[in-house]
Amino acid sequence: MPAVLRSACLLPLFALLLAACGGADRDAAQSDELEQRRAKAQAAMEHHYANQPSLGPALREAFERGDVTQDEIDAMAAAGELQPFFVFATPDDLPDDLTWQDGSDLPEFASPEAKKGGTWYTAVQDYPRTLRRVGPDANSAFRPFILDDVVMNFGQRHPEDISIVGGNFRYYPGIAESWAEDRENRTVYVRINPAARWSDGERITADDLLFMFYFFQSEWINEPWYNNFYSRNYVRVVRYDDLTFSVTVPEAKPDMLGRVLGLEPLPAHFFEEFGPDFVDRYQWRFVPTSGAYVIRDEDVRRGRTIALTRNPDWWAKDLPFWRHRYNYDRIHFSVIRDTAKRFESFRAGEIDAFGLNLPDYYYDRLPDDDDLVARGLVGKYTFYNERPRPTYGFWINSSRPLLDNRDIREGIHYASNWERVLREYFRGDYTRMHTTADGYGEFTHPDIRARDFDVDKALEAFARAGFTERDSEGVLVNERGQRLAFTLTTGYENLQDILTIMQREALQAGLRFRVEVLDGTAAWKKVQEKQHDIQFTAFNVGPEMYPRYWETYHSVNAYDRAFLPDGAPNPDRRPMVQTNNLQLIANRELDALIERYRASESAEEMRKLAFEMEEILFEDASFVPGFVMPFYRVAAWRWARWPEHFDVRLSRDPLQYFLGWIEPGERERILAARRSDQRFEPVIEVHDRYRPE
Amino acid sequence: MRLNPLTLRKLKRFREIRRGYYSFLILIGLLGLSAVSELIINDRALAVRYEGAWSFPTYGPVELGAVYGLEGTAARRPVDYRDLAAHFEAQDVGNRVIMPLIPWGPYYNDAVGGILRAEPPNFERGHYLGTDTTGRDILARLVYGFRTAMLFALAFTALTYLIGVTIGCAMGYFGGLFDLLFQRIIEIWSNVPFLYMVIIIFSVIPATFSASARIGILLIIMVLFSWTGLTYYMRTATYKEKARDYTAAAQVLGASTSRIVFRHILPNTVATMVTFVPFTVVGAITAITALDFLGFGLPPPTPSIGEMLKQGTANLTTAPWIVSSAFAALVVILLLVTFIGEAVREAFDPRQFTLYK
């Protein structure tokens, strides 16, 4: 750096100047380095576009299993045996016979009465540990606000009209203007809306979609699940021009259209420094969004508060299906760890709404005759929704001694008194879950009924397994002196009461549950390492068309080598860790059905297969279905307003589709009314259009 | 046993300190009652008269309904003695069930009005302090929780004194290298953070361990980290006594080390050590309550005061009777022990008997 050398000879008098000089040089050096980094990132991206082969499911799965190495794949690609994943074509290459659709026949679901403005105050339990959307710590409770519920996809599933037409759910346009489906070639063509802009003003183009695939296939994001998903489930992406592209999937599954429209492009220009240090470099940078809300740097007060701000120039603000939504100017989050404190904060008017899903909050802590409710300052709302249900229940590890006996597992079913919990603890508000996949509409088995609590049937089942005598504590023992006692682990501290109730009930049938309450992370770790006996837990499920079986029930997710070549169970098999097969089911018949289900392209056939699988799972009896919460409940201050119909069918909470608004000037008026003894008409609403019979 | 006249005078002095003495009597009474709490607060019958014969199920094995001629499913499940009482009454053939004074166990979920929730005190139903959030009787849980806490505290005190006094006395009596070595060991050991150790060790204990085994482990961990405090007092006291003429005289007379330690030094240091006992007990009760409050203590659903405090603070506005019962119980126990401690210290204070002018 010659400038520095020259100035170093000058007198100390010029120290100040010198420092400034050095600073400028450092800046220059830094921008040089940035330039190099950008060039490198650009080169890596282009290399990926030019060389990434299309693996498809078979090869990708073989690679995951370790049957094929990266070198072999490279060799195959070099020999030209593999198709390229990224293809650059011209508009002339587009087929002529496509039928373009844009979902414009669907009804809008937001209320035209909604008014923009105001700040919505709410609280989170933990401060987000990153603003990245992928990578370590990104999958947090805050992610919906920077990704799932705010960012636009190419097309969105209609949350009210959940019918399946022509094999597809109904979609309304997001970033896409229109789309066309070519089932025969398993390809979806998409035209991007020319008006689409990122929140920093840049255009959204097909390059951003290509970049998204590159990004999610890259190991630099430190997310194996994304790497696998975006390599296995898509086989080709073709760019026709700035605004037109197509994506090809390996199997024409019934929800093929959704798999493409559900993609969200990423701003390539923002990730121009993408490299191996992505996780650290982008930790606190807000990704420009296609959605309505942005996070400004000055609103990130780490560990304390964070706020979303409505982008007044949001490109989609007047677009059908998007107008009259995202009405709050700001959404302000503070951190309150303790639920009881959050509730007090709500009562004080510091946060605007509070979830009342648990019965003691709905009935005891905020009863209808509570002063705030009776005076109409706070409204109570119940909204029955219709969506796939989280799988709350007992997950029995069938690789454990005694639990590997189906009779004992069946006995555990009959000895689990969910009825009492539902009736006396949940006060009849929740309902019993019956299958492993409730809430999937026509993909949910209509006839299977969970086994009810029945001491006699439980004792019979245990007796078949050799447990006939009771010891002095009333627990069954067999001839070899083994006790019928299992550890029942959970990470849900707020639901531990359920387990202590069921513990006492199970003892009636001579079954001892040892209740173990761990913190959430420790409990999840235990179950992921397959160290549990019985786990009370749930998988959260998205509103997909049909349930997934491979992850939770295929034998490759149960044991390292589940079967010997002749099909007999391998005596030396070891449980697979870090998979979702928590029951360690390894059943060849089930495996075959799962594989057919995965490969099937017909909704009718998949439904039949799903039912067959549910019947096998019911027979296997290693999952005790728990409860279903068929609604969400919320209390909100009177200044919060909602559409007539309150929310949409698929919603899980009011901040998912953002249909509510704040009546201007009302906050001040209501808070003032609170100090006087003014009363309003009480608001206690139950919206039960989608209440099951 | 013949007591030293000096000790007798100390005991007499203790009796004269009314507040401490009565506290002592009350605490002993409570301990005595809690030792037989199964007979007073329990959901198992005290006595059952069936077909002319009496049986006493309180301490026996779990009985199935068939024993009392119940039919159907009830014959094959453990007897619910409250239901049995109602059944016998309906039969009216001379069979009867005598329930304890308070007919609730610490684990019984009583759904008042068909709903499991915290119910305020209800004398008619026998919930004198109300129920907790799953319909369990608070008085029953307090009594059983108190028993566990007291047993724990007493065992803790006995063990810490055993270790602390032994090592402290040896340090003071032998002195020299032994003393030096143990001082360093204690310095290092007492710097290990106790709470972290409890949390770490409890995170690796498998849940297959029974509740009593877990209490035992908790006890051992706490003792291991608490004996160090006592050694220094004991060491000083021993040094002081060893330098006295009577010890030298005993040595000259040819008394063995064990005789000197046990007959001469230990009895003379008792005064110092005894005054710490009640405060050690208080410390132990507070510690186990705090650990339970934080969720690192006894496994659910074991009754404990700490767990009740936790539940009570979470339901402060809707069920104030939970936290007030637990809090009052804790205050009473700690006050009693503290009063005893004050009285013991005063009674054993040498200034009562010597006058320096």
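Predicted model: local features only at pLDDT ≥ 70, side-chain atom pairs only at ≥ 80, totals over all residues.
Helix H13 (residues 406-415) and helix H15 (residues 455-464) of chain A pack with their axes 8 Å apart, at an angle of about 165 degrees. Helices here are DSSP runs of H or I of at least four residues, numbered from the N terminus; axes are lines fitted to C-alpha atoms over the stretch in contact, with angles running from 0 to 180 degrees between N-to-C directions. H13(A) and H15(A) are therefore roughly antiparallel, a term for angles over 145 degrees.

From H13(A), the contact (heavy atoms within 4.5 Å) involves A:Asp407, A:Ile408, A:Glu410, A:Gly411, A:Ile412, A:Tyr414 and A:Ala415. H15(A) contributes A:Lys457, A:Ala458, A:Ala461, A:Phe462 and A:Arg464.

Residues are numbered from 1 along each chain as its sequence is written, chains are lettered from A and ligands numbered from 1 in the order written, and side-chain values use heavy atoms, leaving out hydrogens and water.

Let us turn to the sheet. In chain A, four strands (DSSP runs of E, at least two residues) form an open, mixed sheet in the order S2-S11-S10-S9. Its edge strands, S2 (119-124) and S9 (293-294), each pair on one side only; pairing requires at least two DSSP bridges. S10 (residues 305-310) and S11 (residues 330-335) of chain A pair in the antiparallel sense over five bridges. One bridge joins A:Thr305 to A:Ser334 in S11(A).

Finally, chain B is divided into domain 1 (5-34 + 140-352) and domain 2 (43-99), with bounds from an automatic or database domain assignment. The C-alpha centres of these domains of chain B lie 43 Å apart.

Key:
Parallel < 35°, antiparallel > 145°, perpendicular 65-115°, else oblique.
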